Amino acid sequence: MIIEPTSPKLLPDPLKEPYYQPPYTLVLELKNVLLHPEWSLETGWRFKKRAGIDNLFQQLAPLYEIVIFTAETGMTAFPLIDSMDPHGFISYRLFRDATRYTEGHHVKDISCLNRDPARVIIVDCNREAFKLQPYNGLAIKKWDGNSEDRGLYDLASFLKTVAVSGVGDVRTVLENYSLEEDPLDAFKRRQTQLEQEEQQRLEELSQLSKRQTLSLGSITSRLWPRSKQQ
């Protein structure tokens with residue numbers, strides 16, 4: 001059984017000047033990415049806010065049009081989003097009725113987003129959610145509610161790096177992380193490796209510069225030989 005999204009054009013047209021349209025679109029799942037459901041006898045069901053949400057929105061809002069696209073119903077998700085984003089960084093909200101239901105999964109079909117797919121990134125903890133466009137997705141680890149978690153800070157760093165680098169097609173980047181069990185950890189490892197390689201390169205340049213300076217000194221000593229009286 002396949003159930004189509006409520007509209008073939010889920011978002012309005014991008015903003016035009018004099019209004020500002022961020023160059024990229026970020027599509028975020030709500031459950032187990034930003035919030036975690038918890039239940040107890042005392043409180044019943046509650047949703048825990050993940051550390052780093054405010055930083056994520058503040059860092060990325062100038063670079064990304066932020067869209068919450070969740071498999072939850074609007075009745076459940078709408079008040080949660082209101083509580084989570086009091087400053088209004090989120091541009092649009094899409095719920096279960098906007099997904100394409102196929103083979104037992106609610107799939108987010110970005111061909112219906114009315115945005116250039118080369119500039120759309122979906123972040124979810126379930127790969128099935130973006131299986132129609134796998135190289136537009138970043139499958140991060142499911143958040144289990146751990147208060148010490150730093151995943152959203154790592155996510156903000158990754159996404160900011162993509163945007164400030166001016167990547168023309170995000171799929172060329174995301175494809176490199178598509179097989180990683182933990183793409184954010186892989187990004188940190190590669191970042192550390194690049195920093196080490198850059199440090200080594202700078203040290204080699206410094207050593208080369210010193211050798212060239214010594215060589216130049218020997219040449220100038222021939223041009224201006226010391227006085228015999230010195």
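Buried means under 20% relative accessible area. All views show a predicted model.

**View 1. Arg100 and Glu4 meet in a salt bridge.** The N to O distance is 2.0 Å. Arg100 belongs to strand β7 (residues 100-102), and Glu4 to the loop between β1 (2-3) and β2, so the pair ties together parts that are 96 residues apart in sequence. Arg100 has a relative accessible area of 16% and is therefore buried. Glu4, at 48% relative accessibility, is partly exposed.

**View 2. Five strands make an open sheet.** The order is β6-β5-β2-β9-β10, with parallel pairing. At the edges stand β6 (92-94) and β10 (137-139); each has a single partner strand, so one side of each lacks a neighbour in the sheet. Neighbouring strands are turned by 25° against each other on average, direction ignored.

**View 3. Strand β9 pairs with β10.** Three bridges link β9 (residues 120-124) to β10 in the parallel sense. Val123 has Leu138 of β10 as its bridge partner. Helix α3 (residues 151-164) lies across β9 and β10, and also across β2 (24-28) and β5 (64-69). The helix runs at about 155° to β2.

View 4. Asp185 is partly exposed at 31% relative accessibility, and Arg189 is partly exposed at 48%. Salt bridges with shared partners join Glu180, Asp185, Arg189 and Arg190 into one network.

**View 5. Asp54 and Lys49 form a salt bridge.** The closest N and O atoms are 3.3 Å apart. Asp54 is partly exposed at 36%, as is Lys49 at 38%.

How values were computed: Residues numbered from 1 in each chain as written. Predicted model: local features only at pLDDT ≥ 70, side-chain atom pairs only at ≥ 80, totals over all residues. Heavy atoms only, no water. Pairing = 2+ DSSP bridges. Helix = DSSP H or I, 4+ residues; strand = E, 2+ residues; numbered from the N terminus. Axes fitted to C-alpha atoms, helices over the stretch in contact; angles between N-to-C directions. Contact = heavy atoms within 4.5 Å. Salt bridge = Lys/Arg side-chain N within 4 Å of Asp/Glu carboxyl O. Buried < 20%, exposed > 50% of the residue type's maximum accessible area, 1.4 Å probe, protein only.
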